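Here is my note on the model, in numbered points. Please read it with the coordinates open.

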Amino acid sequence: MIIDKKTLEHLAALVRLELDPKKEKKLLGDLEKILAHFEELKAVDTENVEPMSGGTTLTNVFREDENSPRLPNEAAL
């Protein structure tokens, strides 16, 4: 996918960024590299790969909450 100056300006307006005209050419090149990487990822065969559902097998290590006696409202006030 090719991003031209008009598209870059439109994207900048959507995210409310003020572009430095001196840096536009570098930004266009960087965006082209990023999009090329996504095109490369699209070509990867993921047919028999199961989706991940969290990325970790860690469990919650926090203690359970315990009820403790509370002050009567009059004593608290």
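1. Start with Asp 30. Asp 30 has a relative accessible area of 29%, so it counts as partly exposed. This is a predicted model, and everything below should be read as such.

2. The partner of Asp 30 is Lys 26. The two side chains form a salt bridge, with 3.0 Å between the closest N and O atoms. Both residues belong to helix H2. They sit four residues apart, about one turn of the helix. Lys 26 reaches 57% relative accessibility and therefore counts as exposed.

3. How many salt bridges does a search of the whole structure find? The count is three. Lys 26 with Asp 30 is one of them.

4. Lys 42 is exposed, at a relative accessible area of 64%. Glu 39 is partly exposed, at 42% relative accessibility.

5. Glu 24 and Lys 5 deserve a separate look. Their side chains form a salt bridge with an N to O distance of 3.6 Å. Glu 24 is in helix H2 and Lys 5 in helix H1, so this pair ties together parts that lie 19 residues apart in sequence. Is Glu 24 buried or exposed? With 13% relative accessibility, Glu 24 counts as buried, since the cut-off is under 20%. Lys 5 is partly exposed, with a relative accessible area of 46%.

6. What does Glu 24 touch, leaving aside neighbours within four places in sequence? The contacts are Lys 5, Leu 8, Glu 9 and Leu 19. Lys 5, Leu 8 and Glu 9 are in H1, and Glu 24 itself is placed in helix H2.

7. Now the helix pair as a whole. Two packed helices are described by the angle between their axes and by the distance between those axes. Helix H1 covers residues 5-14 and helix H2 covers residues 24-42. They pack at an angle of about 90 degrees, and their axes are 11 Å apart. H1 is therefore roughly perpendicular to H2.

8. Which residues make this contact? From H1 come Lys 5, Leu 8 and Glu 9. From H2 come Glu 24, Leu 27, Leu 28 and Leu 31. By type, the contact of H1 with H2 has four nonpolar residues, three charged and no polar ones.

9. Next, the chain. It has three helices and zero strands. Along the sequence the pattern reads α-α-α.

10. Please check the overall dimensions. The radius of gyration is 26 Å, whereas a compact globule of 77 residues would have one near 11 Å. Along the principal axes, the C-alpha atoms fill a box of roughly 70 × 45 × 15 Å. Of the 77 residues, 6% count as buried. Glu 24, with its relative accessible area of 13%, is buried.

Methods. Residues numbered from 1 in each chain as written. Predicted model: local features only at pLDDT ≥ 70, side-chain atom pairs only at ≥ 80, totals over all residues. Heavy atoms only, no water. Axes fitted to C-alpha atoms, helices over the stretch in contact; angles between N-to-C directions. Helix = DSSP H or I, 4+ residues; strand = E, 2+ residues; numbered from the N terminus. Parallel < 35°, antiparallel > 145°, perpendicular 65-115°, else oblique. Contact = heavy atoms within 4.5 Å. Nonpolar A, V, L, I, M, F, W, Y, C, P; charged D, E, K, R; others polar. Salt bridge = Lys/Arg side-chain N within 4 Å of Asp/Glu carboxyl O. Buried < 20%, exposed > 50% of the residue type's maximum accessible area, 1.4 Å probe, protein only. Rg over C-alpha atoms; globule rule 2.2 N^0.38 Å.
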